[in-house]
Amino acid sequence: MASDKRGPGLRIGIVGGGVGGLTLALALRQRGIAAEVFEQASELTEIGAAVALSANATRELRRLGVLDGITALSTEPTELIYRNWRDGRRIAAHPVHQDLQYQTRFGAPYCGIHRADLQRVLSGALGGNGLHLGHRLVDLVDQGDSTRLAFANGRLADVDLVIGADGIRSVVRRFVTGGEDTVYSGTSAFRGIVPVDRLPSLPDPQAIQFWMGPNAHLLHYAIGGAGEAVNFFAVVEGPEVWPHTGRWLAEVQPNEAASAFAGWHKAVTEMVGAVAHTVRWGLFTVRPLRHWSRGRTVLLGDAAHAMLPHQGQGANTTIEDAITLAELLVGVSADGIEAMLGRYQALRRVRTRQIQHSSRATNAALHLPDGPALETRDRRVARFPEDFGWIHAFDALHAVSAAGPASGAVEMAR
Ligand SMILES: Cc1cc2nc3c(=O)[nH]c(=O)nc-3n(C[C@H](O)[C@H](O)[C@H](O)COP(=O)(O)OP(=O)(O)OC[C@H]3O[C@@H](n4cnc5c(N)ncnc54)[C@H](O)[C@@H]3O)c2cc1C
C-alpha cells in the first residue's frame with residue numbers, strides 16, 4: 001500500500017496530462033509528493049473515443065479513490081464474446097459481469113468508459129493545482145544536476161526529474177533515445193461511437209465482442225453509465241505503407257469503411273455504416289526500447305511502449321507504470337533518482353514487452369481467412385481467461401514490494 005513517507009522536495013515535471021500523467025500526479029500526491037503536469041492542450045477533452053479498463057488498472061484506480069467516480073460513468077460488459085464475421089455465431093464466450101465472475105476472479109471490475117469521462121474524473125480528483133494547460137514541450141536541456149523544459153508558450157521550468165507521459169509521439173522519447181522509434185503496423189482502423197438504439201441487429205449489445213474475419217476484425221463494447229452507446233474499433237489490414245510521415249490519420253473516400261466490411265454480418269455493417277468515416281487511423285507502436293531513461297529523464301505509458309490495442313492494454317499498462325513509478329519515488333532524493341529509474345525499468349520493461357508482443361500476435365489470429373487454421377484459433381479464444389489471466393491479475397503495487405530493492409542495478413547494466 002501507499003507509504004506515508006514524504007518525498008524529499010524533488011522538483012518533478014510530468015510532460016503530458018493524459019491517462020498516464022494524471023494518474024501519476026494523483027498517485028504522487030497520495031504519497032505526499034508534489035509534481036507539476038505540463039499538458040499541451042488548452043482543455044482536457046478527448047473526443048470520440050473510449051477505453052476499456054481492466055482489473056490490473058481498476059484495482060489501482062480504487063486505491064487512488066477514483067474508481068467509484070469511474071464506475072458511475074461506465075459499463076461493465078456482460079460477457080466477452082467472439083463471433084464469426086459472416087453468420088455471427090458465438091465461437092466462444094466468457095462471463096464478465098454475469099455472476100460477477102470477472103471481479104471475483106481478478107479482484108476488481110472491468111469497465112468501458114468514454115475517454116473524456118475518464119480524464120474528467122482523474123483531473124477532477126487532482127484539482128487545478130499543479131496542472132499547467134497550454135504548455136507544449138518543445139525542448140529539453142540537460143543542465144547536469146537539473147533539466148530545463150522549454151515550452152512553445154515561452155515558459156521555462158527547471159526540474160530534478162522529467163517524466164515523459166507525452167504519448168506515442170513523445171518529444172521526451174526523442175531526447176531519451178535520440179531517434180524515431182515508432183513503427184507502422186501495416187494495419188489501420190475505423191472507429192466510432194453509436195447509440196445502442198441505432199443498432200437493431202446487434203446481439204448482446206452490452207457485451208464486449210470481437211467479430212473476426214478474413215483480414216479484418218471489429219471490436220465493440222458499451223460505454224456510459226447505462227450502457228447507452230457502443231464504442232467500436234474496426235481494424236483492417238493495410239495500407240501496406242502509411243501515406244504520411246508524422247500523421248496518424250489519413251483521409252478516406254466516403255465508402256471505404258463500408259466496402260472493407262461488405263458481406264459481413266448485418267450487426268457489423270450497421271455499426272460501421274452508422275458513422276460517416278472521413279479518416280482512418282494508422283496503428284503504430286513504439287519498438288521495444290533498450291533504455292527507458294536518460295539521466296534523470298524517464299518515459300511512461302505510450303511514450304515508452306505504445307502497443308497495438310488488441311489486448312486493450314495501452315491505458316491499463318500506463319496506469320500500472322504510473323503506480324510503479326510513484327511508489328518507487330517515495331523517499332528518493334536527487335542522488336537516488338538514477339538507481340530508482342533502473343528499478344522502474346526492471347519492473348516494467350519485460351511485462352510491457354510481453355503484452356506488446358501478445359497484442360501483435362492477436363492481430364494475426366483475429367484476421368485469419370476461413371480455413372483449417374480457424375480450429376486452432378477458436379480453441380485459443382475459448383481459453384482466453386486461462387491464457388491471458390496473467391495480464392488482468394497483475395498487481396503493480398504488490399510487484400514493487402515483491403521485487404525488493406536490488407533489481408534496478410541489474411537492469412541498467414544490460
Ligand atoms: C483507438 C484506440 C483504442 C484504444 N483502446 C484502448 C483500450 O480499450 N484499453 C486500453 O488500455 N488502451 C486503449 N488504447 C490505448 C490508450 O489510449 C493509450 O495507451 C493511453 O492513452 C496511453 O496513455 P498515455 O498517458 O501514455 O498517453 P495519452 O493518453 O496519449 O496522453 C499523452 C498526453 O500528452 C500530451 N502531449 C503530447 N505531446 C506533448 C508535448 N510535447 N507537450 C505537452 N503535452 C504533450 C497529449 O496532449 C496527451 O494529453 C487505445 C488507443 C487507441 C488509439
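**Close-up views of a predicted model**

View 1. Of the 414 residues in the chain, 56% are buried. The model shown is predicted. The chain exposes about 16900 Å². Carbon and sulfur atoms supply 52% of that area.

**View 2. The overall fold.** The chain holds 15 helices and 19 strands. Its C-alpha trace spans about 60 × 45 × 40 Å along the principal axes.

**View 3. The largest nonpolar core.** This core has 79 residues. Which of them touch the most other members? They are I12, I14, I70, L149, L325 and L329. Helix α10, residues 314-329, gives the most to this core. Its share is 8 residues.

**View 4. Around L325.** L325 touches L24, I163, V298, L300, M340, L341 and Y344. Residues up to four places away in sequence are not counted here. L325 is also one of the core residues that touch the most other members.

**View 5. Charged side chains.** How many positive and negative side chains does the chain have? There are 41 positive and 41 negative ones. The centres of the two sets lie 3 Å apart.

Conventions:
Residues are numbered from 1 along each chain as its sequence is written. This is a predicted model: local features need pLDDT of at least 70, side-chain atom pairs count only at pLDDT 80 or more; totals for chains, interfaces and linings use all residues. Side-chain values use heavy atoms; hydrogens and water are left out. Helices (H or I, at least four residues) and strands (E, at least two) are DSSP runs, numbered from the N terminus. Buried means under 20% relative accessible area, exposed over 50%, partly exposed in between (1.4 Å probe, protein chains only). Accessible areas come from the Shrake-Rupley method with a 1.4 Å probe; for residues, only the protein chains shown count as cover. Lys and Arg count as positive and Asp and Glu as negative; His and the chain ends are not counted. The place of a charge is taken as NZ of Lys, CZ of Arg, CG of Asp or CD of Glu. A nonpolar core is a set of buried Ala, Val, Leu, Ile, Met, Phe, Trp, Tyr and Cys residues joined through side-chain atoms within 4.5 Å. Contact means heavy atoms within 4.5 Å.
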